[in-house]
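Please consult the sequence and structure shown below while reading.

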Amino acid sequence: MGVSTYEFELTSGIAPARFFKALVLDSDNVFPKVHPQSYKKIDIVSGDGGPGTVKKAHLGHGGIQVNRIDVLDTHNLEFSYSVIEGEVLGGVLDKITYRVKIVEGAHGGSVLKATATYFAKGDLEINRDQALQGKEKYSALFKAVEAHLLEHPHLYN
């Protein structure tokens, strides 16, 4: 199995705990609201929302993506999930695991530190351009959540 790992960071003026609540804890409600072209709705298939929970995302273009929560640490603002089913895997990946940690940034803002690990079937390696496409999609969602929080300063305080 080929494994490729890429890291990236995104910054925001939103405080870490507030951003974590919207981006992670309430993502089932927030994502379809702020980025409907990507997410129509997100349902819990099994679990209680913590590690081991399986969620099905109904995507904007009509596809389905199934994610499993691997880590949820609300104290340290860390979250990890794996995409275990869906067209993003392209028949060549077993899964993609994203590990996210939100830390304090400049002037009360936050820095999202993310690691994407691609687990390929066979010895295939994901190239940097493919990983950048994933980062761009994640960045668009991140910015949409940030804009929502800026427009609604009373939410998730």
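Which residue of β5 stands opposite Val66? In this predicted model, the residue that stands opposite Val66 is Glu85 in β5.

**Strand pairing**

- Strands β2 and β3 run antiparallel and are joined by six bridges. Ser46 has Val54 in β3 as its bridge partner.
- The pairing of β3 with β4 is also antiparallel, with five bridges. Within β4, Ile64 is the bridge partner of His58.
- A hairpin is formed by β3 and β4, with four residues between them. Gly62, in the turn of that hairpin, has a positive phi of about 105 degrees.
- Strands β4 and β5 are antiparallel and are joined by eight bridges. They form a hairpin with four residues between the strands, and Leu77 in the turn has a positive phi of about 55 degrees.
- Six bridges pair β5 with β6 in the antiparallel sense. Val100 in β6 is the bridge partner of Phe79.
- The hairpin of β5 and β6 has six residues between its strands. Its turn contains Gly90, with a positive phi of about 55 degrees.
- In a regular strand, side chains alternate between the two faces of the sheet.

**Aromatic contacts**

- Seven aromatic pairs are found in a search of the whole structure. The ring centres of Tyr98 and Tyr138 are 6.0 Å apart and their planes lie at 25 degrees; the pair is therefore stacked, since planes under 30 degrees apart count as stacked.
- This pair links distant parts of the chain, with Tyr98 in strand β6 (residues 93–104) and Tyr138 in helix α3 (residues 128–151), 40 residues apart.
- Tyr98 is buried, at a relative accessible area of 9%. Tyr138 also counts as buried, with 12% relative accessibility.
- Phe8, Phe79, Tyr81, Tyr98 and Tyr138 are linked into a cluster by ring pairs. One of these residues, Phe79, is the bridge partner of Val100 in β6.
- Lys95 lies over the face of Phe119, at 4.7 Å from the ring centre.

**Helix α1**

- Seven of the 10 residues of α1 are buried, so the helix is largely enclosed by the rest of the structure.
- The buried residues of α1 are Pro16, Arg18, Phe19, Phe20, Ala22, Leu23 and Val24.

**The largest pocket**

- The largest pocket holds about 920 Å³ of space. It is lined by 41 residues, of which Tyr39, Gln65, Val88, Tyr98 and Lys137 are the closest to its centre.
- Two or more lining residues come from each of α1 (16–25), α2 (27–34), β2 (39–46), β3 (54–59), β4 (64–73), β5 (78–86), β6 and α3.
- Helix α3 gives the largest share of the lining, seven residues.
- By residue class, the lining of the largest pocket comprises 24 nonpolar, 12 polar and five charged residues.

Terms used: Residues are numbered from 1 along each chain as its sequence is written. This is a predicted model: local features need pLDDT of at least 70, side-chain atom pairs count only at pLDDT 80 or more; totals for chains, interfaces and linings use all residues. Side-chain values use heavy atoms; hydrogens and water are left out. Rings of Phe, Tyr and Trp (its six-membered ring) pair if their centres lie within 6.5 Å; planes under 30 degrees apart count as stacked, over 60 as edge-to-face and the rest as tilted. Buried means under 20% relative accessible area, exposed over 50%, partly exposed in between (1.4 Å probe, protein chains only). A charge sits over a ring if NZ of Lys or CZ of Arg is within 6 Å of the ring centre and within 35 degrees of the ring normal. On a 1 Å grid over the protein atoms alone, a cavity is a set of points where a 1.4 Å probe fits but cannot get out, and a pocket is an open set with protein on both sides within 12 Å along at least five of seven lines; lining residues have an atom within 4 Å of a point. Grid points are joined across faces, edges and corners, and a volume is the space filled by probe spheres set on the points. Ala, Val, Leu, Ile, Met, Phe, Trp, Tyr, Cys and Pro count as nonpolar, Asp, Glu, Lys and Arg as charged, and the others, Gly among them, as polar. Two strands pair if DSSP finds at least two bridges between them.
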